[in-house]
Amino acid sequence: MREKIRKRIVFTGQVQGVGFRWHARRAADELRLTGWVRNEYDGSVTMEVQGTEAEIDRMLQEIQAGRYIDVRDMEVKKIPVDENERRFVVRGY
């Protein structure tokens, strides 16, 4: 079985007002990943996502393929897996 991991990722660039969160949720649903995504007041977007390394990489590729999304930087940190989480949600601020 492939190891499940969890990452907290902070995205900067043109990531708000361009469908980023909804694009992330659709990709997560397709890949059966769990976690959450939210806009931050400073213009960045924070996401926690869990699945295999390959699935998370695929999700990031899907997000960055978004037409108006322009990720300039990603700050990535591995964090503990949440075994009780069952879905991926879009959060407000």
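This is a predicted model: local features need pLDDT of at least 70, side-chain atom pairs count only at pLDDT 80 or more; totals for chains, interfaces and linings use all residues.

Me: Start with the helices. How do helix 1 and helix 2 cross, and at what angle?

Reply: Helix 1 covers residues 20-31 and helix 2 covers residues 53-64. Their axes come within 9 Å and cross at roughly 145 degrees.

Me: Why those two values?

Reply: Two packed helices are described by the angle between their axes and the distance between the axes.

Me: Is the crossing left-handed or right-handed?

Reply: The crossing of helix 1 and helix 2 is right-handed.

Me: Which residues make the contact?

Reply: From helix 1, Phe20, His23, Ala24, Ala27, Ala28 and Leu31 take part. From helix 2, the residues are Glu55, Arg58, Met59, Glu62 and Ile63.

Me: How many of them are nonpolar, polar or charged?

Reply: The contact of helix 1 with helix 2 has 7 nonpolar residues, 1 polar residue and 3 charged residues.

Me: Now helix 1 alone. What span should its 12 residues have?

Reply: At 1.5 Å a residue, the 12 residues of helix 1 should span 16 Å. The end C-alpha atoms of helix 1 are 16 Å apart, so the two values agree.

Me: Which residues of helix 1 are buried?

Reply: Phe20, Arg21, His23, Ala24, Ala27 and Ala28 are the buried ones. Seen down the axis of helix 1, they fall within an arc of 160 degrees, so they line one face of the helix.

Me: What covers the buried residues of helix 1?

Reply: The cover includes helix 2 and several strands. Among the strands are strand 1 (5-14), strand 2 (34-39), strand 3 (45-51), strand 4 (70-79) and strand 5 (88-91).

Me: Same check for helix 2. What span should its residues have?

Reply: Helix 2 has 12 residues, which should span 16 Å at 1.5 Å a residue. The end C-alpha atoms of helix 2 are 17 Å apart, which agrees.

Me: And which residues of helix 2 are buried?

Reply: Ile56, Met59, Leu60 and Ile63 are buried in helix 2. They cover an arc of only 100 degrees around the axis, so they sit on the same side of helix 2.

Me: What about the other side of helix 2? Which residues are exposed there?

Reply: Ala54 and Gln61 are exposed on the other side of helix 2.

Me: What covers the buried residues of helix 2?

Reply: Helix 1 is part of the cover, which also includes strand 1, strand 3, strand 4 and strand 5.

Me: New topic. Which residue follows helix 1?

Reply: Arginine 32 follows helix 1. Arginine 32 is in the loop between helix 1 and strand 2. Its phi is positive, about 60 degrees, although arginine 32 is not a glycine.

Me: Is arginine 32 buried or exposed?

Reply: Arginine 32 has a relative accessible area of 76%. Exposed means over 50%, so arginine 32 counts as exposed.

Me: Back to helix 1. What does phenylalanine 20 touch?

Reply: Phenylalanine 20 lies in helix 1. With a relative accessible area of 1%, phenylalanine 20 is buried. Leaving aside neighbours within four places in sequence, phenylalanine 20 is in contact with Phe11, Val15, Val37, Val45, Ile63, Ile69 and Val71.

Me: Last one. Where is glutamate 40?

Reply: Glutamate 40 is in the loop between strand 2 and strand 3. Buried means under 20%. Glutamate 40 has 18% relative accessibility, so glutamate 40 counts as buried.

Terms used: Residues are numbered from 1 along each chain as its sequence is written. Side-chain values use heavy atoms; hydrogens and water are left out. Axes are lines fitted to C-alpha atoms, for helices over the stretch in contact, and angles run from 0 to 180 degrees between N-to-C directions. Helices (H or I, at least four residues) and strands (E, at least two) are DSSP runs, numbered from the N terminus. A crossing is left-handed if the near helix is turned anticlockwise from the far one by less than a right angle, and right-handed if clockwise. Contact means heavy atoms within 4.5 Å. Ala, Val, Leu, Ile, Met, Phe, Trp, Tyr, Cys and Pro count as nonpolar, Asp, Glu, Lys and Arg as charged, and the others, Gly among them, as polar. The expected span of a helix is 1.5 Å times one less than its number of residues. Buried means under 20% relative accessible area, exposed over 50%, partly exposed in between (1.4 Å probe, protein chains only). The arc is that of the directions from the helix axis to the C-beta atoms.
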